[in-house]
Amino acid sequence: MATMAALQSSFTSLSISSNSFLGQPFSPPLCPPLVKSTQSPGSIVAKLKRWERKKCKPNSLPVLHKMHVKLGDTVKVISGHDKGKVGEITEIIKHNSKVVVSEINLKTKHVKSRDENEPGQIIKIEAPIHSSNVMLYSKEQKVASRVGHKTLDNGKRVRYLIKTGEIIDSAENWKKAVKEKEKTTEAVAAAS
């Protein structure tokens, strides 16, 4: 009890008012801080791997880039060690604008054995290449061309090859490409 009374008397003897801080007059800064954030609030960068950064939207989803090619398109490689080869697009990776083309950019992968009686093996896999390294290709006229967009009489907007005028987008081609992709995914699922 005596100690409590001594503490209360010592607190009352300290004259700390609301506008002072430990005996020093306290005044808030009148001007805002001069250092501003250099990063804009909309640009977020996600870290996929140490060397590969992905631009993200404010909701942390990756920014998806529009590409001039679609799934199932026949393309010709215009640069790299596979220059001049023709293949069909089997997969599209939109966040870094890469495509996987059948039988192009093959890499060797060493697979370990899973069971004792199953041997290890060396397989070839198709690695993705950047979409700027491929160009749409016409099988009929054997020529690579840039892509253009035009609106048909029925109001449908389609892609066409500029050199040949050949229309690329058709419902049959799209359905065929989607069915082939489903078949390959089912085969991979059945194999594993």
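**Close-up views of a predicted model**

**View 1. Val75 and the pairing of strands 5 and 6.** Val75 stands opposite Gly87 in strand 6. The model shown here and in the other views is predicted. Strand 5 (74-77) is joined to strand 6 (residues 86-93) by three bridges, and the two run antiparallel.

**View 2. The largest nonpolar core.** This core has 13 residues. Those that touch the most other members are Val69, Val75, Val99, Val101, Ile129 and Val134. At least two residues of the core come from each of strand 5 (74-77), strand 7 (98-101) and strand 11 (134-138).

**View 3. The surroundings of Val134.** Leaving aside residues up to four places away in sequence, Val134 touches His68, Val69, Val75, Lys76, Val77, Ile78, Val99, Val101 and Ile129. Among these neighbours, Val69, Val75, Val99, Val101 and Ile129 also belong to the largest nonpolar core.

**View 4. Residues 68-95, annotated as a KOW domain.** The annotation "domain: KOW" comes from an unreviewed UniProt entry and covers residues 68-95. The span is 43% strand and 0% helix, and its end C-alpha atoms lie 14 Å apart.

**View 5. Lys150 and the ring of Tyr160.** The charged end of Lys150 sits over the Tyr160 ring, 4.7 Å from the ring centre. As for aromatic pairs, a search of the whole structure finds zero.

Note on methods. Residues numbered from 1 in each chain as written. Predicted model: local features only at pLDDT ≥ 70, side-chain atom pairs only at ≥ 80, totals over all residues. Heavy atoms only, no water. Core = buried A, V, L, I, M, F, W, Y, C linked by side-chain atoms within 4.5 Å. Buried < 20%, exposed > 50% of the residue type's maximum accessible area, 1.4 Å probe, protein only. Helix = DSSP H or I, 4+ residues; strand = E, 2+ residues; numbered from the N terminus. Contact = heavy atoms within 4.5 Å. UniProt positions renumbered as here; feature names shortened; annotations may be inferred. Pairing = 2+ DSSP bridges. Phe/Tyr/Trp six-rings, centres within 6.5 Å; stacked < 30°, edge-to-face > 60°. Lys NZ or Arg CZ within 6 Å of the ring centre and 35° of its normal.
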